[in-house]
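Could you walk me through this model in my viewer, one selection at a time? I would like to know what to pick next and what I will find there.

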Amino acid sequence: LVDEYGSRLVDELDFSLEARTAQEFAENAAQLGLDASCTTVQPIMQLTTSRVLVTSWVDGERLESVARRDPQEAKRLQGVAMSAYLTMLLELGTLHADPHVGNLLRASDGRLIILDW
């Protein structure tokens with residue numbers, strides 16, 4: 001257990017791995033039809049290293065703001081998040097390991113943006 005935790009902690013510090021994971025999620029989301037309801041930043045691989053992560057910019061609204069402005073929309077996004085996370089786990093055998101509210105945004109088109117892979 002300690003060894004697994006240690007290896008995951010080291011992986012968390014490798015931004016090239018994070019970039020690949022985000023890229024894989026985007027590709028898999030498109031194949032599974034999730035891209036209609038959620039998205040992520042696009043890493044710029046030629047500028048990303050193990051110590052520097054460069055991505056496209058995304059405009060989004062924090063979910064706390066969405067909840068204050070439109071509680072129904074916040075509930076819808078919670079459902080999108082649950083579907084996306086269950087699909088990741090059950091269909092892809094992977095999971096976004098840091099699903100706190102700071103890593104989720106609402107895009108202007110209504111999609112959920114998942115950050116920090």
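Here is a short tour that starts at the sheet and ends at a pair of helices. Keep in mind along the way that this is a predicted model.

**Stop one: the sheet.** Select the four strands, which form an open sheet in the order β1-β4-β3-β2 with mixed pairing. Now colour β1 (38-40) and β2 (61-62): these strands stand at the edges with a single partner strand each, so one side of each has no neighbour in the sheet.

**Stop two: β3 and β4.** Next, pick residues 104-106 for strand β3 and residues 112-114 for strand β4; the two run antiparallel and are joined by three bridges. To see one of these pairings, show Leu 104, whose bridge partner in β4 is Ile 114.

**Stop three: helices on the sheet.** Then bring in α4, which lies across β1, β3 and β4 and runs at about 45° to β4.

**Stop four: where the helices meet.** How do the axes of α2 and α4 cross? Select residues 15-32 for α2 and residues 71-92 for α4: their axes come within 12 Å and cross at roughly 90°. That angle is why α2 counts as roughly perpendicular to α4.

Finish with side chains on. From α2, show Phe 25, Asn 28 and Leu 32, which meet Thr 87, Met 88, Glu 91 and Leu 92 of α4. Coloured by class, this contact has four nonpolar, two polar and one charged residues.

Notes:
Residues numbered from 1 in each chain as written. Predicted model: local features only at pLDDT ≥ 70, side-chain atom pairs only at ≥ 80, totals over all residues. Heavy atoms only, no water. Axes fitted to C-alpha atoms, helices over the stretch in contact; angles between N-to-C directions. Parallel < 35°, antiparallel > 145°, perpendicular 65-115°, else oblique. Contact = heavy atoms within 4.5 Å. Nonpolar A, V, L, I, M, F, W, Y, C, P; charged D, E, K, R; others polar. Pairing = 2+ DSSP bridges.
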